[in-house]
Amino acid sequence: MEQLKNSTLVGKHIVLGMTGGIAAYKAAELCRALVKAGATVQVVMTEAATQFMTSVTMQALSGREVFTSQWDSKASTDGTGNAISNNMAHINLTRGADAVLIAPASADFMAKLLHGRADDLLSLLCLAKPAEVPLILAPAMNMEMWAHPATRRNVAQLKADGAFVLDVGNGDQACGEVGDGRMLEFDEILQDLVAHFTPKLLAGKRALITAGPTYEAIDPVRGITNLSSGKMGYAIAQAMRDAGCEVTLVAGRTALGFPRGIKTIPVISANDMLAAVQTNVDNADIFIATAAVADWRPTNAASQKIKKDGSDKNGEGTAPTMSFVENTDILATVAKSARASSGKLYCVGFAAESENLEAHAKAKRERKGVPLLVGNIGPATFGMDDNALLLVDANGTTELPRASKTQLARQLVLEIAKRLK
Ligand code: CTP
């Protein structure tokens, strides 16, 4: 739901087409989320869709009358808000729209679109929409239908005809089978829509990003870690992907699900993170180190659980002593590499401080040898959905005031793109 707070969808007019499928219930949530995100939504339902959801529900959620038939003579409103009474909803509804999004898109409806058939309002308006209004399909069907050669052919041809066909989800299906074909969840469709509307400022670039905390084992059941949730790093990875970048994410243990469309390498310790970075960094144009890497690890992790020195001593037992060694500084190591030094790899560091942000961030930028360092106050953001950033580069500082991590990530992408020019 964090995604809902971003501004990409504000003022967008979306024609939400619904066809017949169990996933129609997800379209109700999608409609609500689109409206919450600041879009206007015009719902158009096929006759089959009305078997699964009522137009009453969709009208309440969208705040607009729903169209279900090409013979419906009520005035139809275009994307600029003009209500027109010419009985041509199939023309008016897509004029001035930012996208026609079909969710769910059934196998039957996709087959129909492919042939340019137009025997109901939704297929009619898809054929009659201006070429510059994108058609985005969120397929939903049984796994065998999705895998059928006819559907594979149809998807390929629809893409060739210019439609954007979103992925399908994998998992339990309404019929009881398990496989590919479920419609994406509403927030995933929303994310894809945001990505669709995001300018591709970093097209052709490849980014390597570290995120989350590291965990340094003391013994097989205990370890040292920190409060980083990974949310800032994940938001940056998604914003970079939305901007057209090919992203690899090296992620310490977090409670977050791996982001779609991003190659994610899970790691545990700082040494694992270093190894994953070294394996992947030669392919990157941009390296962003958001991870909260443990500075030290126990010198020798015990191979078995460390036991108390005797039972029932009621706090009078002897606590173990521990020695530590410093972990390699991943960012500083990468920043010193030949590719970074020659300008082929642009490095961005983070600084998690607890006080004196500007002074510490400036000093850290020099120490790590990076062109851009992003400072934040750790205790004021670890685990939260918002943050405030201070960007430090050779020209001085830029403040990004407190906002959701999603919004800040998008702003940071703009700042990076500006500096790469
Ligand atoms: N970093 C890293 N590898 C480490 C330690 C830090 O890559 N072993 C990176 C972090 O990902 C971040 C930057 O270095 O981009 C600064 O991390 P931070 O924890 O703020 O600083 P430290 O280097 O640990 O310095 P200090 O503890 O003195 O604040």
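This is a predicted model: local features need pLDDT of at least 70, side-chain atom pairs count only at pLDDT 80 or more; totals for chains, interfaces and linings use all residues.
Trainee: Which polar atom of L331 lies 2.8 Å from an oxygen atom of the ligand, backbone or side-chain?

Mentor: For L331 it is a polar backbone atom. For D295, a polar side-chain atom lies 2.8 Å from a ligand oxygen.

Trainee: Which residues come nearest to the ligand?

Mentor: There are 15 residues around the ligand, and A289, A291, D295, K364 and K368 come nearest.

Trainee: Why is N376 called buried?

Mentor: Its relative accessibility is 6%. Buried means under 20%, so N376 qualifies. N376 sits in strand β19, residues 372-377.

Trainee: What does the side chain of N376 contact?

Mentor: The side chain of N376 makes a polar contact with the side chain of N387, at 3.0 Å. A polar atom of the N376 side chain also lies 2.9 Å from the backbone oxygen of A351.

Trainee: Why is F52 called partly exposed?

Mentor: F52 has a relative accessible area of 40%. Partly exposed lies between the 20% limit for buried and the 50% limit for exposed, so F52 falls in that class. F52 is in the loop between β2 (40-45) and α2 (55-62).

Trainee: Which residues form a nonpolar patch on the surface?

Mentor: I22, Y25 and F52 do, with about 320 Å² of accessible area together. A patch residue needs over 30% relative accessible area, so F52 passes at 40%.

Trainee: How do you know that the length of helix α14 is close to the expected one?

Mentor: Helix α14, residues 405-420, has 16 residues and reaches 22 Å from its first C-alpha to its last. The expected span at 1.5 Å a residue is 22 Å. Several residues of α14 are buried, including L408, L412, E415 and I416. An α-helix has 3.6 residues a turn, so residues three or four places apart point the same way.

Trainee: How many helices and strands are there in the protein?

Mentor: The protein has 14 helices and 21 strands. Of its 421 residues, 49% count as buried. The C-alpha trace spans about 80 × 55 × 40 Å along its principal axes.

Definitions and conventions
Residues are numbered from 1 along each chain as its sequence is written. Side-chain values use heavy atoms; hydrogens and water are left out. Patches are made of residues with over 30% relative accessible area and no salt bridge: like charges are joined within 9 Å, nonpolar side chains (Val, Leu, Ile, Met, Phe, Trp, Tyr) within 5 Å. Accessible areas come from the Shrake-Rupley method with a 1.4 Å probe; for residues, only the protein chains shown count as cover. A salt bridge is a side-chain nitrogen of Lys or Arg within 4 Å of a carboxyl oxygen of Asp or Glu. Helices (H or I, at least four residues) and strands (E, at least two) are DSSP runs, numbered from the N terminus. Buried means under 20% relative accessible area, exposed over 50%, partly exposed in between (1.4 Å probe, protein chains only). A residue is near a molecule or strand if one of its heavy atoms lies within 4 Å of it. A polar contact is a pair of N or O atoms within 3.5 Å; within protein, one must be able to donate a hydrogen and the other to accept it, and residues adjacent in sequence count only if both atoms are side-chain atoms. The expected span of a helix is 1.5 Å times one less than its number of residues.
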